[in-house]
Structure formats: structure tokens, C-alpha cells
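Start with the view below, then read on.

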Amino acid sequence: MTASNYKGEFAIRVRGLKTAFGPHVVHENLDLDVKRGEILGVVGGSGTGKSVLLRAIIGLLTPVAGEIEIGGRNKSEMTDEEDRLSRRDWGVLFQDGALFTSLTVAQNVQVPLREHFHMSQDLMDDLALSKLTMAGLPIDAAVKYPSDLSGGMRKRAALARSLALDPSILFLDEPTAGLDPIGASAFDELVQELSRSLGLTVFLVTHDLDTLVRVCDRVAVLGDRKILINAPLAEVRKFDHPWVQEYFGGPRARAAGIEKS
């Protein structure tokens, strides 16, 4: 499935979502739409459940209530096999990269290929090199291990793995965390370029104001257990909520080029 196979305006729709850990409710009656082909930035204060929301959408966490649609299909109505096949259509980059330390970079990229397809080693090698190049890594990175790479290169290797199955949706959890400003800027530019050239929908959890300014088409703000607002940045910064005003109106926001009206 590619982005062009999706019917309708939205790649992801969430309705009435409730997530909880025992008695602790993280989200309740949460609604969210992610448009096809957009880069959506998801922000919120500590403990608002940004990563929890991502994990619920991709199926690593079972919601207490609510419905999640990806590509126009309701996850709760899928059979196990349909759900497994649908996972080919998304790539995920976790905050720490989650690379297998005992595998080379190329072998890491090949993990999803081995899981979903039967193909020759030569073909997997060619595909791995293609994805590494797409992620901006040199060819010689293929034979290295994650421990041999800088933080920025590990992020790119993890991104290459997330692209292995030619997904139409990318889920990125704090992709620039731990990177220096130059590395973070380069990674943002790469994500934007991939989204535009491949028609990717990007669900991007971040706390980085520079990332919001540089690449996000819309920003969804988590707070009070739900999405407070989901709109272009210019609208979000005017939203009347204490956390939103503090986050988007402080000195860091001004340094990132977010001007108060």
C-alpha cells in the first residue's frame, strides 16, 4: 500500500481514545486527525502521553476505549493477519533508535525485510544500501555496528530501517533528541525532503521548537488528557491555554522564530 492507495483526506483518525495504566488515565475521549501527506508535530508537557499516543496508534499499547483508523481501516476490525500486513505500510523510529547492537547497520535495515518477505540476500543487500543512501548515510556505514556511529548517524540508520518497506506513514518519536543544533537541523531537512519527495505522512512527536517551525504543517497539542488544538503553528500559538502560551510565547519560542502577535 502506498499513499496513493488511501481513500479520503486522512491517513490517521482517532476517536474517543482512552489509555490508562491501572487507575492512572493518560488520555480520555481524545480525537485526532492526521491528513495524508502532512507532517504533524505532536507536542505537550511532561506526562501528557505523547509517546503513549504513538504507541497506541501503532498497536504497541491496547487502548481502554476508542477507535483508531489507519489508511481508512479500523484497527479493531482487522484480523491478526490483516493487522500484520497493514504494518508494512508504516515505519517507526523510536526515540533511542532501537537498533540491534549485535547487527551491522545493513543487517538492521534488513530486519523488516526478513520479517515480511522472502528474498535473496543480494536483493536485501541492494535494498539496504538504497535506504541508507536515502537516509543520507555513506555506503561504508553499511558494515559498521551502531556503536561505531555518531548519534546523528545512528538516527539516520534507524530512519533507513523505518523506510525499508517503502511505507506511506512514518512515526517518529523525538527524532532530534540528543542531537546538536546542526545535526538536528540536518535531520529535520531530511525528514521534510523525504516527506515531500515520497508523499509520506509523518507523525512526529517532538519537544523541539525549531523542528516545529522548520518542518511541521500542523501542530497537535496534548494536554488535559486530550488534544487541545490541532492546527497550523500560527493558530496554535494564539490558543488560550496556559501551557500553550508559556511554551509558544517564551524566550525559546522567540529564538526559534515564533513571534507573538
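A salt bridge here is a side-chain nitrogen of Lys or Arg within 4 Å of a carboxyl oxygen of Asp or Glu. Lys35 and Glu9 meet that rule, with their side chains 3.9 Å apart, N to O. The two ends lie in distant parts of the chain, 26 residues apart. Lys35 sits in strand S2 (residues 24–35), and Glu9 in the segment before strand S1 (10–21).

**The model and its confidence**

This is a predicted model. The chain has a mean pLDDT of 90, and 92% of its residues reach 70 or more. Residues 1–7 fall below 50, yet this stretch has 16 contacts in the model beyond near neighbours in sequence. Where pLDDT is low, the predicted coordinates should not be read in detail.

**Overall build**

The secondary structure comes to ten helices and ten strands. The chain has 261 residues and a radius of gyration of 18 Å, close to the 18 Å of the globule rule, so it is as compact as a globular protein of that length. Along its principal axes the C-alpha trace spans about 55 × 45 × 35 Å. Buried residues make up 49% of the chain. Among contacts with a separation of 6 or more, 66% join residues 24 or more positions apart. The accessible surface is about 12,300 Å², and 51% of it belongs to carbon and sulfur atoms.

**Charged pairs**

Side chains of opposite charge can pair when their charged atoms come close. How many salt bridges does the rule give? The count comes to ten.

| Pair | Distance, N to O |
|---|---|
| Lys35 and Glu9 | 3.9 Å |
| Arg225 and Glu28 | 3.6 Å |
| Asp166 and Lys131 | 2.4 Å |

Take Lys35 and Glu9 again. Lys35 has a relative accessibility of 31% and counts as partly exposed. Glu9, at 46%, is partly exposed as well.

Arg225 and Glu28 pair through a salt bridge of 3.6 Å. They are 197 residues apart. Arg225 lies in the loop between strand S9 (218–223) and strand S10 (226–231), while Glu28 belongs to strand S2. Is Arg225 buried or partly exposed? At 41% relative accessibility, Arg225 is partly exposed. Glu28 is partly exposed too, at 36%.

Asp166 and Lys131 form a salt bridge of 2.4 Å. They are 35 residues apart. Asp166 is in the loop between helix H5 (151–162) and strand S7 (169–173), and Lys131 is in helix H4 (residues 121–134). Why does Lys131 count as buried? Its relative accessibility is 5%, and buried means under 20%.

Salt bridges also link Arg13, Arg15 and Asp33 in a network.

Asn74 is in strand S5 (residues 73–74). Asn74 is buried, because its relative accessible area is 8%. Its side chain makes a polar contact of 2.6 Å with the side chain of Ser76. Leaving out residues up to four places away in sequence, Asn74 touches Glu67, Ile68 and Glu69.

Arg237 is in the loop between helix H8 (233–236) and helix H9 (242–249). With a relative accessible area of 22%, Arg237 is partly exposed. Arg237 and Thr62 are 175 residues apart in sequence. In space they are 32 Å apart, C-alpha to C-alpha.

Conventions. Residues numbered from 1 in each chain as written. Predicted model: local features only at pLDDT ≥ 70, side-chain atom pairs only at ≥ 80, totals over all residues. Heavy atoms only, no water. pLDDT = per-residue confidence, 0-100. Contact = heavy atoms within 4.5 Å. Helix = DSSP H or I, 4+ residues; strand = E, 2+ residues; numbered from the N terminus. Buried < 20%, exposed > 50% of the residue type's maximum accessible area, 1.4 Å probe, protein only. Polar contact = N/O pair within 3.5 Å; in protein donor to acceptor, adjacent residues only side chain to side chain. Rg over C-alpha atoms; globule rule 2.2 N^0.38 Å. Areas by Shrake-Rupley, 256 points an atom, 1.4 Å probe, with all protein chains shown as cover.
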